[in-house]
Amino acid sequence: MASPIEQFQVKPIIPAINFTNSSLFMIGAAAVIVGGLLYATRKKALIPGRAQSVAEILHDFVANTLTDTTGREGMKFFPFVFSLFMFVLTANLLGMIPGFFTTTSQIVVTFALAFLVIGTVIVYGFVAHGLHFLHLFTPSGVPGWLLPFITVIEIISFLSRPISLSLRLFANMLAGHIALKVFGGFVVSLGTAGIGIALLSPLPLLMAVGLTALEFLVAALQAYVFTVLTCIYLNDALHPGH
């Protein structure tokens, strides 16, 4: 049985420009998103068809998530948040296709996305509010003697955001795909064993089917969680005062 870790190996496709299978599937995810949205909105019908309805549902879902968290002011970040949501969701779902590569199972990819979010928060926070953005680390109403300790805790919490944001997505996709690979291997191993043992193969097969359904749910849920946390962090950039 092949190692369940083998599916996460980054392999060069064009070594001269360091183009790997991870690069290919990231470009593929972007192509699927752009192509799918262009196809869905090509008619711009007043009464939408199925594809346009799906596109509008995704648009409204992200827009409502953003405004519920940040208010109407947060809609200036809609293109950014919508792009993140669609990329993470598409990359997660593409990784569910047998033989495809899951880019979100690579910590360097998820950390880059998380760093982009936190970088946007910091840059916008200082551009829009100047030094007032630092009030994010000094909550109001805290006694003076306690303020230095709270400030240190707030700074550590802020700096840990890209780590937790990237690890959450990476770990969930990694663990789910490893579990699917392991149970799939059990099915093959038991199926090729003796007749008595082969009768047990439906058990891991049923488990693999259940895990596959669960992994599809996790793929969508992790895209949603990543988007919600992004909106929460952007709200700190918009409203740094506590």
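1. Start with Thr227. At 3% relative accessibility, Thr227 counts as buried, where buried means under 20% relative accessible area, exposed means over 50%, and partly exposed is in between (1.4 Å probe, protein chains only). Thr227 sits in helix 8; helices here are DSSP runs of H or I with at least four residues, strands are runs of E with at least two, and both are numbered from the N terminus. Apart from neighbours within four places in sequence, Thr227 is in contact with Val81 and Phe85, contact being heavy atoms within 4.5 Å. Thr227 and Leu84 are 143 residues apart in sequence, yet 7.2 Å apart in space, C-alpha to C-alpha.

2. A word on what you are looking at. This is a predicted model, in which local features need pLDDT of at least 70 and side-chain atom pairs count only at pLDDT 80 or more, while totals for chains, interfaces and linings use all residues. Residues are numbered from 1 along each chain as its sequence is written, and side-chain values use heavy atoms, with hydrogens and water left out.

3. Now the overall layout. The protein has eight helices and two strands, in the order β-β-α-α-α-α-α-α-α-α along the sequence. Of its 242 residues, 36% count as buried. Take the contacts between residues at least 6 apart in sequence: 71% of them join residues at least 24 apart. The protein exposes about 13,400 Å², with carbon and sulfur atoms supplying 74% of it (Shrake-Rupley method, 1.4 Å probe).

4. Next, the core. The largest nonpolar core has 38 residues, and Val81, Val121, Leu165, Phe226 and Tyr233 have the most contacts inside it. Such a core is a set of buried Ala, Val, Leu, Ile, Met, Phe, Trp, Tyr and Cys residues joined through side-chain atoms within 4.5 Å. Among the elements giving two or more residues to this core are helix 3 (78-94), helix 4 (107-129) and helix 8 (202-238). Helix 3 provides the largest share, ten residues. Val81 is in contact with Val62, Leu66, Thr227, Thr230, Cys231 and Leu234, leaving aside its neighbours within four places in sequence.

5. Which residues does Asp236 contact, beyond its neighbours within four places in sequence? They are Phe133, Leu136 and Arg161. Asp236 lies in helix 8 and, at 13% relative accessibility, counts as buried.

6. Compare Ala128, in helix 4. Ala128 is partly exposed, with a relative accessible area of 40%. Ala128 and Leu238 are 110 residues apart in sequence and 8.0 Å apart in space, C-alpha to C-alpha.

7. Asn18 deserves a look at its backbone. Its phi is near 60°, a positive value in a residue other than glycine. Most residues other than glycine have a negative phi. Asn18 is in the loop between strand 1 (12-14) and strand 2 (19-20), and at 61% relative accessibility Asn18 counts as exposed.

8. Last, the largest pocket. About 450 Å³ of space lies in it, and of its 18 lining residues, Gln7, Gly95, Ile97, Pro98 and Gly99 lie nearest its centre. On a 1 Å grid over the protein atoms alone, a pocket is an open set of points where a 1.4 Å probe fits, with protein on both sides within 12 Å along at least five of seven lines; lining residues have an atom within 4 Å of a point. Helix 6 gives the most to the lining, with three residues.

Methods:
Grid points are joined across faces, edges and corners, and a volume is the space filled by probe spheres set on the points.
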